Structure formats: C-alpha cells, structure tokens
Amino acid sequence: MSRKVLVATEKPFAKVAVTGIGEILKQAGYEMVLLENYKDPADFLKAVADADAVIVRSDLVTPAVIEAGQKLKLVVRAGAGYDNIDLKAATAKGVVAMNTPGQNSNAVAELVFGLMLQLARRGYTGKSGTELRGKKLGLHGYGNVGRCVAAVARGFGMELHAVDPFVDKAAMTAEGIHACTSPEEMYAACDYVSLHMPKTKETAGSINFALMSKLPKGGALINTARAEVIDEPSLLKMFAERPDFLYGADVEPACKAEIAEKYAGRFFFTQKKLGAQTEEANINAGLAAARQIVAFFEKGDARFKVN
C-alpha cells in the first residue's frame with residue numbers, strides 16, 4: 001500500500017537531510033511531499049489533508065492540523081522535545097505521536113559546555129575566570145543528553161553527579177556517576193547544574209528558589225531544556241539575593257529584559273534555541289523520523305510513541 005508522507009517544515013531541513021528522507025521513503029514505496037518555508041498555517045492544513053504521516057521540526061501540530069489530516073495515522077517530531085504537538089488532540093483522533101530521542105543529544109551536550117565556558121570565563125571580557133577541571137557537575141536528568149554531557153565532562157576532568165527518578169542508581173554508579181538521592185542533595189553539592197528534562201505537568205516550574213538556592217557560592221545553572229521548567233520569579237529572586245549566581249540558557253526567559261538591565265555579566269542567553277541547531281543533528285533527526293515512519297507502518301513499531 002502506497003503511503004504519503006508530508007514533511008512540513010517552516011524551517012527546512014538541510015538539503016542532504018531532505019534527500020536522505022526521500023530515499024528512505026522511496027525505498028519503502030512511499031511518496032514524500034515537501035512543505036517548506038510556509039508562513040500561513042492554512043498551507044499546513046491543506047497539505048496534511050491526504051497525508052498518512054507527517055514529519056515536523058518545531059512546527060505546531062494543533063487540533064486543527066490533526067482534524068484536517070483525514071488519513072493521518074502518525075506524526076513524528078524530528079527532535080527530542082514534543083510540546084509543539086497537541087497530544088490530547090492526536091490521541092482523541094487515534095493519531096500516534098513520536099519523537100526521535102537521542103538524535104540531537106551530542107549537539108545539545110556540546111552547547112552545554114559552550115554555555116559553561118562562557119560563564120566560567122566571564123564572557124571573555126578579560127576578567128579573571130575559573131576552570132571546569134575539578135568542578136562538580138550535576139545532571140538534572142540522565143537520559144540521552146545527560147549521558148552525552150557526562151562523556152564530554154569526563155574529558156574536562158569534572159566530577160559527575162546526577163539525579164533522575166527514571167534511571168536506576170546502580171546503572172549511574174556503574175558509569176562513574178554519583179547518584180544523588182534527591183535534587184536538593186545534588187544542587188547543594190555541585191558547582192554547575194545542567195537541566196535535561198522535558199516540559200511536563202510535573203517539571204513545569206519545578207526549578208524554584210528553594211532548589212536553586214542550594215547551589216554553593218558561585219554556582220551556575222545551565223538550561224538547554226525548556227524555559228517553562230524554570231520558575232521565573234524564583235530566577236529573579238536568585239539573581240537579586242545571590243550576587244554570585246550565574247545562569248546560562250538557550251531558552252530565553254520572559255524576564256530577560258529585567259535580567260539584562262540589572263545583572264549584566266552574570267548570564268548568557270543565545271539568540272534563539274540552539275540545542276539542536278547543527279548540521280549533524282538536523283540530518284540525524286530527519287533520517288530517524290523517516291525510518292520510524294517506515295517501521296511503524298511496516299512492522300507496527302511504536303517504541304518512540306509519546307502519547
């Protein structure tokens with residue numbers, strides 16, 4: 001049975017990724033339809049009408065998109081985060097939603113160290129900074145990205161701590177990680193804490209003042225996860241009450257202007273979310289999405305289902 005797969009990307013994949021996706025789908029006997037650089041959501045609604053599956057990047061898969069996809073059975077987000085997909089609407093319509101975990105992990109991990117070095121060297125302004133070697137790094141979340149961060153950190157000679165309720169502590173210990181019993185324990189012990197968690201009801205606003213204030217003097221928080229996991233009033237309170245506190249993120253907080261006005265030199269934000277913005281991650285995620293679509297329709301493989 002021939003399948004039609006829509007690749008709907010307002011920010012297109014790299015050309016080599018599009019070619020690779022097309023080859024994978026062609027080998028399976030599927031048709032690929034491209035919708036790139038679109039600006040009007042109505043274009044997405046029209047294009048999805050006869051698609052069996054959709055690949056998106058940061059594109060919003062709204063209830064309207066789900067409803068418009070009369071034949072739609074699968075939506076794959078080429079990336080780890082999937083809060084751009086309305087899971088409730090997808091589930092109600094019987095549409096499976098997937099992500100492509102692990103494909104962006106190295107790109108995010110390298111960005112973590114870019115942010116840490118930016119803070120450690122005081123923005124390369126000529127001020128005396130600090131080194132990462134010998135410092136304690138806490139990983140709040142020890143999934144694919146956390147493991148990649150740990151691998152890089154070993155090269156820097158950092159001491160590793162982690163907390164993750166979904167990962168066996170013995171497995172962390174076997175990998176040379178100090179498995180903390182609670183976030184509070186880890187924050188109190190570490191010079192740097194890097195966030196690696198999805199945005200969920202449980203994690204939204206969970207990084208609050210009570211937790212951040214456990215950081216030792218000069219402690220730094222790195223956020224390449226989601227802006228929503230930070231409680232922003234708590235973030236402002238940390239900056240106000242802890243003049244030693246540093247914060248680096250590729251997800252700008254809504255209170256960025258106030259931070260920039262009052263706390264220059266103590267933060268660094270990228271211009272946009274850059275965690276997965278490398279050529280390699282772009283290609284890897286796109287190809288993985290195509291392979292998952294074929295595996296889903298040909299073998300019933302739904303291992304990366306998120307709804």
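Is Asn 37 buried, exposed or partly exposed?

## The model as a whole

This is a predicted model. The protein contains twelve helices and twelve strands. Its radius of gyration is 21 Å, close to the 19 Å that the globule rule gives for 307 residues, so the protein is as compact as a globular protein of that length. Along the principal axes, the C-alpha atoms fill a box of roughly 60 × 45 × 35 Å.

Among contacts in the protein with a separation of 6 or more, 62% are between residues 24 or more positions apart.

## Loop residues

Asn 37 sits in the loop between strand S2 (31-36) and helix H2. Asn 37 is not a glycine, yet its phi is positive, at about 55°. As for the opening question, Asn 37 is partly exposed, because its relative accessible area is 47% and the class runs between 20% and 50%.

Tyr 124 belongs to the loop between helix H5 (105-120) and strand S6 (136-140). Tyr 124 also has a positive phi, near 55°, in a residue other than glycine. With a relative accessible area of 54%, Tyr 124 is exposed, since exposed means over 50%.

Thr 203 is found in the loop between strand S9 (192-195) and helix H9 (209-212). Its relative accessible area is 14%, so Thr 203 is buried; the cut-off for buried is under 20%. Leaving aside residues up to four places away in sequence, Thr 203 touches Met 197, Pro 198 and Val 229.

## The second largest pocket

Rolling a probe the size of a water molecule over the atoms shows where empty space is left. In this model, the second largest pocket holds about 180 Å³ of space.

Which residues line the second largest pocket? They are Glu 10, Tyr 38, Lys 39, Pro 41, Phe 44, Leu 45, Ser 58, Asp 59, Leu 60, Thr 62 and Val 65. By class, the lining has six nonpolar, two polar and three charged residues. Helix H2 (residues 41-47) gives the most to this lining, with three residues.

Note on methods. Residues numbered from 1 in each chain as written. Predicted model: local features only at pLDDT ≥ 70, side-chain atom pairs only at ≥ 80, totals over all residues. Heavy atoms only, no water. 1 Å grid on protein atoms, 1.4 Å probe; cavity = no way out; pocket = protein on both sides within 12 Å on 5 of 7 lines; lining within 4 Å. Points joined across faces, edges and corners; volume = space filled by probe spheres on them. Helix = DSSP H or I, 4+ residues; strand = E, 2+ residues; numbered from the N terminus. Nonpolar A, V, L, I, M, F, W, Y, C, P; charged D, E, K, R; others polar. Buried < 20%, exposed > 50% of the residue type's maximum accessible area, 1.4 Å probe, protein only. Contact = heavy atoms within 4.5 Å. Rg over C-alpha atoms; globule rule 2.2 N^0.38 Å.
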